[in-house]
Amino acid sequence: AAEASAADGGGGGGGGGVGQTALLGLGLGLGVGVAALFPFVSIPLTKSLPYMHTPRHRLRQGFAGLRPLLRKRPRSGEGAAPPAFVDLGSGDGTAVIEAVKGGTFGRAVGVELNWGLVAYSWFAAWREGVLRGGAGSGAGGAGGGVAFHKRDLWTLDLGEFDAVMMFGVKPLMAPLAAKVRRECRPGTVVMLYRFKLPDDALGGAAAKDARGGDAEGDGDDDGARVIVPSKVEGEFSYYTLR
């Protein structure tokens, strides 16, 4: 009887050890899962631009609508560099990667405040094979490919880019229009997902024309540059700097 009791006790202890190991493994798995998902679900309370994923098929539609507008932009000569793209608030890097993979751009840059998303974007770009020269000099690397930067989008000079994309929120649209008019070159295309620039931020005659009014005699009190609405396709709105 004593031997049977001892055997039963030994069996119970072994079962407890297996159970504890299983619970420990489950806990570690959950911890790793939460750590992996944290960059995608965390929203800095002090920022007004949370992470919102743009489906890849939507992005392809958006770039298809963008290409005809890029062909109309001024070029400096036959040897001009291929167009450059920037995504302000690039999230997981999907738009930046698709910009280069689709052949629309020779160089693409993502700007994002969430360090976890920036790290994931670099990994995703490596996995997709679009990192060639992307981390070189300048904001996006002179050698083409893609690059991602953890920084405030308002501190990035947009002057070297031919197309600017943002999936922002309504309060950011007017400041974005002012930044584009101040920094971008004529012919630069702005591509917005789900949001539009306010008419009164486009600049002088362009703003009045967007409202369907008479632009004659309406000067631009912020300088000669104006943003002209180009077209709306699906959930994307396109604008061109003149």
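Phe167, Tyr193, Phe236 and Tyr238 come together as one aromatic cluster. In this model, rings of Phe, Tyr and Trp (its six-membered ring) pair if their centres lie within 6.5 Å; planes under 30 degrees apart are stacked, over 60 edge-to-face, and the rest tilted.

The model is predicted, so local features need pLDDT of at least 70 and side-chain atom pairs pLDDT 80 or more, while totals for chains, interfaces and linings use all residues. Residues are numbered from 1 along each chain as its sequence is written, and side-chain values use heavy atoms, without hydrogens or water.

## Phe85 and Phe105

The pairing rule gives nine aromatic pairs. One of them joins Phe85 and Phe105: the ring centres are 5.1 Å apart and the planes meet at 45°, so this pair is tilted. Phe85 belongs to strand 1 (residues 84-88), whereas Phe105 is in the loop between helix 3 (94-101) and strand 2 (107-112), 20 residues apart. Helices (H or I, at least four residues) and strands (E, at least two) are DSSP runs, numbered from the N terminus. Both Phe85 and Phe105 are buried, meaning under 20% relative accessible area; exposed is over 50% and partly exposed lies in between (1.4 Å probe, protein chains only).

## Trp122 and Phe148

With centres 5.7 Å apart and planes at 80°, the rings of Trp122 and Phe148 are edge-to-face. Trp122 is in helix 4 (residues 115-128) and Phe148 in strand 3 (residues 145-150), so the pair ties together parts 26 residues apart in sequence. Trp122 is partly exposed at 27% relative accessible area, while Phe148 is buried at 4%.
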